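Biologist: Please show me the sequence and the structure, and then we can go through them together.

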Amino acid sequence: MSTHTTTPIKAGIVGGTGYTGVELLRLLSQHPDVQLHAITSRKESGMPVADMYPNLRGHVDLCFQTPEEAALDQCDVVFFATPHGVAMEQARGLLDHDVRVIDLAADFRLQDVETFAQWYKMPHSSPDVLKEAVYGLPELDRDRIRQARVVGNPGCYPTTVLLGLAPVLQAGRPLIDTTHVIADSKSGVSGAGRKAAVGSLFSEAADNFSAYGVAGHRHHPEISECLARIAGAPVGLTFVPHLVPMIRGMFSTLYLRILPDALDTDFQALYEQRYAGEAFVDVMPAGSLPQTRSVRASNMLRIAVHRPAGGDTLVVLVVQDNLVKGAAGQAVQNMNLMFGLPETTGLQHVAVLP
Ligand SMILES: NC(=O)C1=CN([C@@H]2O[C@H](COP(=O)(O)OP(=O)(O)OC[C@H]3O[C@@H](n4cnc5c(N)ncnc54)[C@H](OP(=O)(O)O)[C@@H]3O)[C@@H](O)[C@H]2O)C=CC1
Ligand SMILES: CC(=O)N[C@@H](CCC(=O)OP(=O)(O)O)C(=O)O
């Protein structure tokens, strides 16, 4: 696999008009080793990107092109910031032109094609490409991502739940009851994308707080597949997502029952050691209460570990920006690995407060 040279990486984005697409544009336009080459929109072909997104004036001087007009096969890497089912139709053709693919949707996340068909209501059209795809969570699988031609960028909720659970599942000895893990997660409204949808209307989402997908959400099988890989056995997970009245941000609270033989574990130290040296996972000091605004617009995910009243329940609090570490930032982190760049290149923005 070739690694990066001094020539800029030519990047294309399919789905540049959506929320993760514009976030990719923001990050890639500041990336020192990337040249933006093509950005697609099926509806806005010919429109300067900065006319739609004025924050990019002076930074991106490309126009949108239709996916057919855009010379995606001349890119080094193409990001798909599109709905599920789009990347799997085009990945093979791009790979044949030596273009690497990073899909922000779910086409290359689940290895089990039947589970994919069940949750995404479509058959997988590219199982051969899926076989070589790597699940793009760098803190869990960085070496395989470095070698990958195709990366399935994780869902936003799964990133928080998996990184919040990995230390206790990878400790080398049983620490928690893996038959009963609870993930109580909340997302800002941008998690639903830029499409017109009743649930995303101001009058519906503002001044409101609601659970959804309680009977089953498509991120449940994604989290479960990856948990089984890292734990070496199935993990019993209850996952309940909520919509909260903020634009960006995600908060997952994990409730874990500590096994009787593990009650003397120093969980704070365990988490600190597991993520020592990780640029984008911050294990906060004992007693901390992370806030979503402490990661807003940054690629950082922050974790705090609690043990209320010193009892046998471990509470792990995890925050990230759904559009950055939960999507576009993680995709750029994966690109850096795939092209042999330092993982943090172009991703060291400090969060925006207040
Ligand atoms: N929002 C979030 O927080 C997260 C989103 N994701 C995933 O990332 C992907 C993109 O999400 P998001 O940016 O929020 O979605 P949006 O709905 O905001 O944007 C989707 C984009 O895809 C384009 N598009 C739609 N259909 C097609 C098609 N058939 N062919 C080519 N382009 C198409 C649209 O552009 P146009 O109509 O102009 O062509 C639009 O720019 C989704 O799969 C989502 O699940 C993952 C993690 C977090
Ligand atoms: C608030 C909200 O609606 N969030 C989305 C998740 C977005 C995302 O990351 O999921 P995918 O990439 O797997 O679609 C949802 O629950 O459907």
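**Helix pairs and ligand shells**

Modeller: The axes of helix α7 (residues 156-169) and helix α9 (residues 219-231) come within 10 Å and cross at roughly 25 degrees. That makes α7 roughly parallel to α9, since angles under 35 degrees count as roughly parallel, over 145 as roughly antiparallel, 65 to 115 as roughly perpendicular and the rest as oblique. This is a predicted model, in which local features need pLDDT of at least 70, side-chain atom pairs count only at pLDDT 80 or more, and totals for chains, interfaces and linings use all residues. Residues are numbered from 1 along each chain as its sequence is written, while chains are lettered from A and ligands numbered from 1 in the order in which they are written.

Biologist: In which hand of crossing does α7 pass α9, left-handed or right-handed?

Modeller: A crossing is left-handed if the near helix is turned anticlockwise from the far one by less than a right angle, and right-handed if clockwise. For α7 passing α9, the crossing is right-handed.

Biologist: How are α1 and α11 oriented to each other?

Modeller: Their axes, lines fitted to C-alpha atoms over the stretch in contact, are compared by angles from 0 to 180 degrees between N-to-C directions. α1 and α11 pack at about 45 degrees with their axes 9 Å apart. The two helices are therefore oblique.

Biologist: Which helix supplies the largest share of the shell around ligand 1?

Modeller: Helices here are DSSP runs (H or I, at least four residues), as strands are (E, at least two), numbered from the N terminus. Both α1 (19-29) and α11 (324-338) supply at least two residues of this shell. The largest share, 3 residues, comes from α1.

Biologist: Is Gln30 buried, exposed or partly exposed, and why?

Modeller: Gln30 is found in the loop between α1 and β2 (34-39). A residue is buried if 20 or more other C-beta atoms lie within 10 Å of its own, exposed if 12 or fewer, and partly exposed in between. Because Gln30 has 14 within 10 Å, Gln30 is partly exposed.
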